[in-house]
Amino acid sequence: MDVNQPKQEHLLALKVMRLTKPTLFTNLPVTCEDRDLPGDLFSQLMKDDPSTVKGAETFMLGEMLTLPQNFGNIFLGETFSSYISVHNDSVQVVKDILVKADLQTSSQRLNLSASNAAVAELKPDRCIDDVIHHEVKEIGTHILVCAVSYTTQATEKMYFRKFFKFQVLKPLDVKTKFYNAESDLSSVTDEVFLEAQIQNITTTPMYMEKVSLEPSIMYNVTELNTVNTGGNGYSTFGKMTYLQPMDTRQYLYCLKPKSEFAEKAGVIKGVTVIGKLDIVWKTNLGERGRLQTSQLQRMAPGYGDVRLSLEMIPDTVNLEEPFEVTCKITNCSSERTMDLVLEMCNTNAIHWCGISGRQLGKLSPNSSLHLALKLLASLQGLQDEEWKSISGLRLMDTFLKRTYEYDDIAQVCVVFSHLNPES
């Protein structure tokens, strides 16, 4: 057998072209002064060039568009479109033509053909055309596999394939940070702030059409990327939302638990799914791309077994005058019932009014109770008003003989009332 036998010639020709937006044709203007040797030769040549702008021949961008010469760069989130054409180069009528297009990635093989039915016959100098589309969802090496099978007039079955390899690149670098909200009423709250840092790592500018956070079922989200002025909302990034190459933009969102979940401390406690970012952008001549992150997760702040927070507290109080606060005590355990006793310990600045060692009774898992307490401020500083820390509450679970202490629960402004001296 002759191992160097020539390859068999096929009757059909396969051509594949990626469909992308064209680019503006660029010129490289060459000029000189009139007194130089070429004179006005360069100027006249640029005026005669059909690709230049009349009246602005030295401007690099021309009036013509350039079609892509190769597959070019393909980025994650863009839609890959390709034109496939099978042409009959012979003088024979070819029958039972089947064109199949598959996209091979590192993890799967996808069929992109619009139809898997065979064409009955293809006459000479005629062609079969198809356009395929695919939203790219993986980075790395992709291989477009185009296979053609047909039958000749001599009933001989023929088959050939062509491979087109291209790389899918990452267009954006997305980093997220979570911040737990702090409140004057408790050390931690259920509010979560999400900061998303988005960097353009391509070589061309991007128009950021939309950057939104789709919250999970447990949260409501508020965007903090607009400023309301006169009833109108304006973007904090200005009117032109372009992101230049290697530039970074920061987006901020506030998430609050829905009312049906906020009352269940055990549901919010632990690792919590926050939601996912939805990013939509456009590049040159409006080519659109879209990315969705995977579900974002954060570690919720640890409340321990029992959480104590202040639900209501006055803004200012008078020195040595009783005032009332409302506490909320929550059993964060999902399995164990607690039998709680409340102890109140005075400090130098704050005195509790009432009986220490008060029985609060049994508290079921993931349930809470509200408690009204009275106290007064007895220590005044050198100023007319001063912020004092509310401390000294202690809860004891009689079932496990375990004690929970709460200091610096909140801050209150103590005001000293001046008395007019008698005349």
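## Burial and overall make-up

Of the 423 residues in the protein, 37% are buried. The model is a predicted one. Its secondary structure consists of three helices and 33 strands. Among contacts between residues at least 6 apart in sequence, 71% join residues at least 24 apart.

## Nonpolar cores

In soluble globular proteins, nonpolar side chains tend to be buried together. The largest nonpolar core here has 51 residues. The members that touch the most other members are L12, I97, L144, Y150 and M208. With residues up to four places away in sequence left out, I97 touches L12, A118, V119, E121, L122, I128, V148, S149 and Y150. Two of these partners, L12 and Y150, are named with I97 among the core members that touch the most others.

## The largest pocket

The volume of the largest pocket is about 520 Å³. Its lining is made up of 25 residues, and T23, N73, T204, N284 and E287 are the closest to the pocket centre. By class, the lining holds nine nonpolar, twelve polar and four charged residues.

## Strand β19 and its partners

Strand β19 covers residues 248–257 and runs antiparallel to strand β13 (residues 192–200), to which eight bridges join it. In this pairing V192 stands opposite L255 of β19.

Strand β15, residues 219–223, also pairs with β19 in the antiparallel sense, over five bridges. Here N220 stands opposite K256 of β19.

Most residues other than glycine have a negative phi, and most peptide bonds are trans. D96, which is not a glycine, has a positive phi near 50°. D96 lies in strand β6, residues 94–104. Its relative accessibility is 43%, so D96 counts as partly exposed.

M246 is also not a glycine, and its phi is positive at about 70°. The setting of M246 is the loop between β18 (242–243) and β19.

## Strand β11 and L169

Strand β11 spans residues 157–169 and contains L169. L169 is partly exposed because its relative accessible area is 36%, and the buried class ends under 20%. Not counting residues up to four places away in sequence, L169 touches N73, I74, F75, L76 and I139. One of these, N73, is also among the lining residues closest to the centre of the largest pocket.

The C-alpha atoms of L169 and I201 are separated by 9.7 Å, and the two residues are 32 residues apart along the chain.

## Strands β23 and β25

Strand β23 (residues 306–312) is mostly covered, with five of its seven residues buried. It is joined by six bridges to strand β25 (residues 323–331), and the two run antiparallel. M312 stands opposite T326 of β25.

## Strand β28 and L363

L363 is in strand β28, residues 358–363. L363 is buried because its relative accessible area is 5%, and the cut-off for burial is under 20%. Leaving aside neighbours within four places in sequence, L363 is in contact with I329, T330, N331, R336, T337, M338, L340, S368 and L369.

L363 and T330 are 33 residues apart in sequence, and their C-alpha atoms are 8.1 Å apart.

## Strand β26 and M344

M344 is in strand β26, residues 338–344. With a relative accessibility of 12%, M344 counts as buried. Its contacts, not counting residues up to four places away in sequence, are W352, C353, G354, I355, S356, L373, G392 and L393. M338 and L340, which are contacts of L363, fall within the range of β26.

M344 and R358 are 14 residues apart in sequence, with a C-alpha to C-alpha distance of 9.0 Å. R358 itself falls within the range of strand β28.

Methods:
Residues numbered from 1 in each chain as written. Predicted model: local features only at pLDDT ≥ 70, side-chain atom pairs only at ≥ 80, totals over all residues. Heavy atoms only, no water. Core = buried A, V, L, I, M, F, W, Y, C linked by side-chain atoms within 4.5 Å. Buried < 20%, exposed > 50% of the residue type's maximum accessible area, 1.4 Å probe, protein only. Contact = heavy atoms within 4.5 Å. 1 Å grid on protein atoms, 1.4 Å probe; cavity = no way out; pocket = protein on both sides within 12 Å on 5 of 7 lines; lining within 4 Å. Points joined across faces, edges and corners; volume = space filled by probe spheres on them. Nonpolar A, V, L, I, M, F, W, Y, C, P; charged D, E, K, R; others polar. Pairing = 2+ DSSP bridges. Helix = DSSP H or I, 4+ residues; strand = E, 2+ residues; numbered from the N terminus.
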